Amino acid sequence: MPEHPDLIPARPVRPSDEDREQAARRLQEAAAAGRIELAELDQRLGEIYTARTQGELAHAGRDLPEPARTDSLVVRDEPHSRFAFSVFGWFSRKGRWIAPRVFTSLSVFGGGEIDLRDARFAGQEIRVRAFALWGYTEVVVPDDVEVEVKGLGLFGAFDRSAVNRRQGAPRVIVSGLALFGGVGTKTKRPAAR
């Protein structure tokens with residue numbers, strides 16, 4: 001007799017439309033890279049759109065390399081915000097959000113945090129322009145993207161420790177000005193997905 005009779009045993013999970021679209025993109029990229037031929041692409045796409053479970057959907061991608069996390073960073077969705085501002089206060093832009101091609105922040109006698117670890121990018125290259133005037137702004141980028149830092153510290157500090165070279169990965173350029181303040185940059189591992 002089961003210990004918890006109200007629990008339902010594990011059942012196959014049905015795929016969502018987004019699951020199907022991701023699987024189709026993966027196959028199209030494999031065909032573009034020459035891993036599968038066009039006739040096989042057509043046959044596997046048919047498998048994707050008739051799949052009734054996640055297992056059947058996964059079978060359509062058999063013998064293909066697993067996509068990297070950075071393969072799904074760039075999206076076509078509209079950005080959530082393009083600007084952050086703090087005066088004698090603090091702003092925080094983190095969690096799941098869509099970073100625009102250009103994001104600008106201004107901290108005046110205040111501070112803020114721009115965390116891109118769980119963000120999706122509106123383009124292959126995004127720019128974070130951070131201006132800290134008698135304030136402080138911290139920019140956190142995932143460690144699996146390319147990062148370039150080129151800001152100016154004038155009677156302040158513009159930290160360049162987040163520079164990271166990852167050819168082919170999405171790119172983040174951090175620029176701006178720290179005037180009697182600071183802009184800190186660092187890389188961190190993205191949260192597990």
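**Group meeting: a walk through a predicted model**

Confidence in this predicted protein model is lowest in helix 1, residues 17-32, at a mean of 84. It is highest in strand 4, residues 102-108, at 97. The score here is pLDDT, the predictor's confidence in each residue, from 0 to 100. For the protein, the mean pLDDT is 86, and 90% of residues reach 70 or more. Where pLDDT is low, the predicted coordinates should not be read in detail.

Some ground rules. Residues are numbered from 1 along each chain as its sequence is written, and side-chain values use heavy atoms, with hydrogens and water left out. Because the model is predicted, local features need pLDDT of at least 70 and side-chain atom pairs count only at pLDDT 80 or more, while totals for chains, interfaces and linings use all residues.

Now the overall picture. The protein has three helices and 12 strands. Helices (H or I, at least four residues) and strands (E, at least two) are DSSP runs, numbered from the N terminus. The radius of gyration is 22 Å, well over the 16 Å that the globule rule gives for 193 residues, so the protein is more spread out than a compact globule. That radius is taken over C-alpha atoms, and the rule is 2.2 Å times the number of residues to the power 0.38. The C-alpha trace spans about 65 × 50 × 25 Å along its principal axes. Of the 193 residues, 44% count as buried. Buried means under 20% relative accessible area, exposed over 50%, partly exposed in between, with a 1.4 Å probe and protein chains only.

Which strands form it, and in what order? Five strands make an open sheet in the order 2-5-8-12-10, with parallel pairing. Strand 2 (90-93) and strand 10 (157-158) stand at the edges, each with a single partner strand, so one side of each has no neighbour in the sheet. Two strands pair if DSSP finds at least two bridges between them.

Follow strand 5, residues 111-115. Five of its five residues are buried. Gly111, Glu113 and Asp115 point one way, and Gly112 and Ile114 the other. In a regular strand the side chains alternate between the two faces of the sheet. Four bridges pair strand 5 with strand 2. There, Trp90 stands opposite Gly111. Five bridges join strand 5 to strand 8. Across that join, Ile114 has Val139 as its bridge partner. Strand 8 (residues 136-142) then pairs with strand 12 (residues 182-188) over seven bridges. Val139 is partnered by Thr185 in strand 12.

What about the core? The largest nonpolar core has 25 residues, and those with the most contacts inside it are Ile114, Leu116, Phe121 and Val172. Such a core is a set of buried Ala, Val, Leu, Ile, Met, Phe, Trp, Tyr and Cys residues joined through side-chain atoms within 4.5 Å. Its largest share, four residues, comes from strand 7. A second, separate core of 13 residues includes Ala23, Ile36, Ala51 and Leu57.

One last stop: Ala122. Where does Ala122 sit? It lies in the loop between strand 6 (120-121) and strand 7. At 15% relative accessibility, Ala122 counts as buried. Val75 is 47 residues away from Ala122 in sequence, yet 5.6 Å away in space, C-alpha to C-alpha. Contact means heavy atoms within 4.5 Å. Not counting residues up to four places away in sequence, Ala122 touches residues including Val75, Pro79 and Ile98.
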